[in-house]
Amino acid sequence: MSIGKTTATTGFDLRDFIVKYGFILVTVILFVWFASTEPTFRMQNTLFSMLKFTSVVAITGLGVTLTMVVGGLDLSVGATAGLSVTLSAMTMVIYAQTGPVALIVVLLGGALVGLFNAFLIVVLKIPDLLATLATMFTIMGLKLVPVDGQSVSSGLILRDGSVAPGRFTEGFLLIDRAYIGPVPLPVAIFFSLAFVVWIFLTRTRWGRVMYAIGSNPEAARLAGVKVQRYRALAYVLSGVFASIGGLILSSRIGQGDISAGNSLLLDAVAVSLVGTSVLGMARPNAWGTTLGAVLIGIVITGLTIKGFPYYAQDVVKGLVLLTALIFSFTLSRRKSRFVPAV
Amino acid sequence: MIKNKALAGITVVAALLLAACSQGTSDTATGADEGTVAEATGTKPAPFDAGPVKIAIVQNSGAGDYFQQWTNGANKQAEAIGFEVQVYDAQADNAKQATDMETAIGSGVAGIIVDHGQADTMCPLINKALDAGIPVVVYDVATAECAPQAVTTQQSDASLAQAVLDQMALDLGKDAKVGYVNVLGIAPLDRRHVVWEAIVKANNWSQSFFVGKFTNSVATDNAQLVDAALKKSPDVVGIFAPYDELTKGAVSGIESNNLQASIKAYGIDISNADIEIMTKEGSPWVATAGTDPNAIGAAVVRNMALEIAGQLGVKSVDFPGVLITAQFLKDNAVKNMVDLRAKLPELNLASVSGADWIPAVQF
């Protein structure tokens with residue numbers, strides 16, 4: 001506290017400036033660098049396919065952000081998205097149901113996983129990280145049971161020797177493939193959800209209460225907040241967001257790919273953490289997560305077009321995250337506390 | 001004294017590290033074959049006459065021995081033709097391959113090669129590319145029905161199976177008792193199965209057992225199955241296992257029953273490890289059929305060039321398999337894939353999908 005007071009001056013403060021705008025600046029610089037050196041990168045098609053690629057990570061990351069706001073962290077989001085892919089494929093291919101039915105089943109599935117997490121954390125008092133880790137493993141295995149560990153696609157031979165009667169419906173496939181004007185539908189969903197989460201967290205009482213719980217659950221409880229209900233709500237929402245991400249994945253792949261969602265967890269957590277550093281907020285927030293996801297998208301797409309191998313991209317992703325954490329924890333004068341203690 | 005000890009220690013460690021490195025490189029010696037480029041005699045057609053042509057390779061996975069060699073062959077051939085290649089590697093993530101494909105379509109390339117992937121995922125995007133006027137050459141994805149305008153290429157499972165089974169029929173004659181190790185439901189193995197059934201029927205063989213399962217450790221798990229099957233029917237004279245991991249399992253099963261003198265094993269695929277097993281003294285594995293992933297990658301790129309130039313004229317290209325017997329390997333002192341390519345030029349496929357203006361790469 002005292003350090004903050006002594007260095008604070010009325011003039012331009014470089015440290016404040018870096019903490020506040022550093023990340024946006026890095027994003028802009030990278031964007032300009034890629035756009036000016038790679039003609040492919042600045043095409044509208046590339047930009048939209050980049051945002052489309054980012055949308056699944058971003059939407060799932062928004063769910064993770066909500067759990068981080070209440071001082072938790074949901075490690076089961078990747079598995080939940082994977083479950084959604086299998087669930088939607090089973091509903092349409094094996095049970096020959098329509099796209100809307102698959103959509104409802106998937107969203108309910110996500111909410112159920114969230115409720116299960118909430119049960120473990122709130123009722124059984126298991127720490128967030130451990131509870132959601134257990135859920136992650138359980139779901140990854142459980143989703144393979146009804147499909148015998150196989151990817152579900154039309155023409156699948158079922159256990160009794162018959163051929164699966166259904167297929168991915170045209171309507172369902174449109175989730176990933178449709179456009180609103182020039183904007184791909186997943187990108188529109190991504191920005192709409194980001195907007196909704198922003199309103200929810202900053203403009204509603206519930207959102208502000210959730211931040212209060214995250215910074216001091218005991219104080220919130222003493223102020224009469226039903227802390228456990230809000231924590232449960234955060235996990236249910238996180239499950240639903242992950243299942244929306246899964247819906248888009250499923251529609252993109254067009255079959256019940258059992259490996260889908262495996263790489264999603266780390267990316268989703270990373271963008272939420274990166275998001276904490278945006279505008280010097282030093283706390284999880286919707287626009288931060290959105291910008292974090294877009295930044296990662298820019299980096300991956302740019303480096304791919306530049307011909308960097310995938311492991312170089314992982315290194316860069318790691319450095320981006322590290323930089324963000326330094327902004328949030330080291331440079332920021334606000335006290336950052338959004339990572340759960342085990 | 002202490003200094004000397006430390007020095008000695010460092011020397012030993014360094015030597016071990018070096019040894020480890022050199023071991024690593026010899027194991028993957030097939031990973032980066034330079035190849036030799038033949039001379040092109042014809043004049044280049046449009047658009048190749050006007051400088052480098054940009055293409056994209058959209059891969060489902062570039063990792064592993066097979067795919068590394070495939071990509072190496074493709075890159076070498078692309079360089080020789082005058083392609084500027086953008087390789088997208090989805091790291092076996094189907095959703096990422098879909099986005100990669102979209103990026104490739106949007107990047108204004110003259111052609112796209114799709115290497116593996118799921119037909120359900122890739123077909124709509126392949127059609128999108130074709131609609132945008134970008135020719136697409138597909139390797140080993142079943143797109144003939146859902147994207148009929150794309151050029152499909154594949155290593156010919158029928159010819160692989162035919163090559164090795166003709167040898168098996170020659171060795172065993174008619175009316176033999178045989179065993180079979182295969183897993184149905186996997187497309188290439190199903191295609192090999194069709195040839196097997198025809199050969200069994202034509203030679204009036206009796207199939208004493210049919211075992212096989214696909215697991216994380218195919219060779220080990222199938223060794224147990226074959227072991228058990230041979231306990232029951234030790235009088236078979238030949239076993240066909242049309243995938244090298246299955247063949248390895250069959251070989252272990254035969255050896256654990258000490259039946260290598262009376263039972264011959266026949267497989268499909270070839271690698272450094274396979275060559276070692278086949279050339280071992282008294283090995284029951286007498287014949288296999290294979291292709292060279294380097295050569296296939298190169299041939300796929302030649303198809304892309306022909307398609308862009310409007311000279312291909314067909315929508316499906318098969319790369320034939322080549323018979324490789326243990327006797328041939330021993331006679332020619334073949335120790336690894338590099339030796340094999342030198343002794344068996346048919347593996348090169350240099351005559352497949354060529355043109356006088358294309359300098360074919362040979363490995």
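**Core, interface and local geometry of the predicted model**

In the largest nonpolar core, which comprises 193 residues, the members that touch the most other members are Ile112(B), Ile126(B) and Val164(B). The greatest contribution to this core is made by helix 11 of chain A, spanning residues 227-253, which gives 15 residues. From chain B, the core draws at least three residues from domain 1 (36-149 + 292-319 + 348-362) and at least three from domain 2 (157-290). The structure described here is a predicted model, and the values given below are to be read accordingly. When residues up to four places away in sequence are left out of the count, Ile112(B) touches Ile55(B), Ala56(B), Val58(B), Ala104(B), Ala129(B), Ile134(B) and Val136(B).

Attention may then be turned to the meeting of the two chains. Contact between them involves 23 residues of chain A and 20 residues of chain B. On the side of chain A that touches chain B, at least two residues are supplied by each of helix 3 (44-69), helix 11 and helix 13 (286-305) of chain A, and helix 3 of chain A provides the largest share, with 5 residues. When the residues of this side of chain A are sorted by class, 12 are polar, 7 are nonpolar and 4 are charged.

Within chain A, helix 7 (residues 170-177) has as its buried residues Phe172(A), Ile175(A) and Asp176(A). Viewed down the axis of helix 7 of chain A, these buried residues fall within an arc of 85 degrees, and they therefore line one face of the helix. The partners against which the buried residues of helix 7 pack are helix 4 (77-94), helix 5 (99-123), helix 8 (185-203) and helix 11 of chain A.

Chain B contains 12 helices and 14 strands, and its C-alpha atoms fill a box of roughly 75 × 65 × 40 Å when the extents are taken along the principal axes. Of the 363 residues of chain B, 47% count as buried. Among the contacts in chain B with a separation of 6 or more, 76% are accounted for by residues 24 or more positions apart.

Because Ala92(B) has 19 C-beta neighbours inside 10 Å, it counts as partly exposed; a residue is taken as buried if 20 or more other C-beta atoms lie within 10 Å of its own. A positive phi, near 60 degrees, is likewise found for Leu349(B), a residue other than glycine, which is situated in the loop between helix 12 (337-343) and strand 14 (361-362) of chain B. Leu349(B) is buried, because 28 other C-beta atoms are within 10 Å.

Conventions
Residues are numbered from 1 along each chain as its sequence is written. Chains are lettered from A and ligands numbered from 1 in the order in which they are written. This is a predicted model: local features need pLDDT of at least 70, side-chain atom pairs count only at pLDDT 80 or more; totals for chains, interfaces and linings use all residues. A nonpolar core is a set of buried Ala, Val, Leu, Ile, Met, Phe, Trp, Tyr and Cys residues joined through C-beta atoms within 7 Å. A residue is buried if 20 or more other C-beta atoms lie within 10 Å of its own, exposed if 12 or fewer, and partly exposed in between; C-beta atoms are placed from the backbone. Helices (H or I, at least four residues) and strands (E, at least two) are DSSP runs, numbered from the N terminus. Domain bounds come from an automatic or database domain assignment. Two residues are in contact if their C-beta atoms, placed from the backbone, lie within 7 Å. Ala, Val, Leu, Ile, Met, Phe, Trp, Tyr, Cys and Pro count as nonpolar, Asp, Glu, Lys and Arg as charged, and the others, Gly among them, as polar. The arc is that of the directions from the helix axis to the C-beta atoms.
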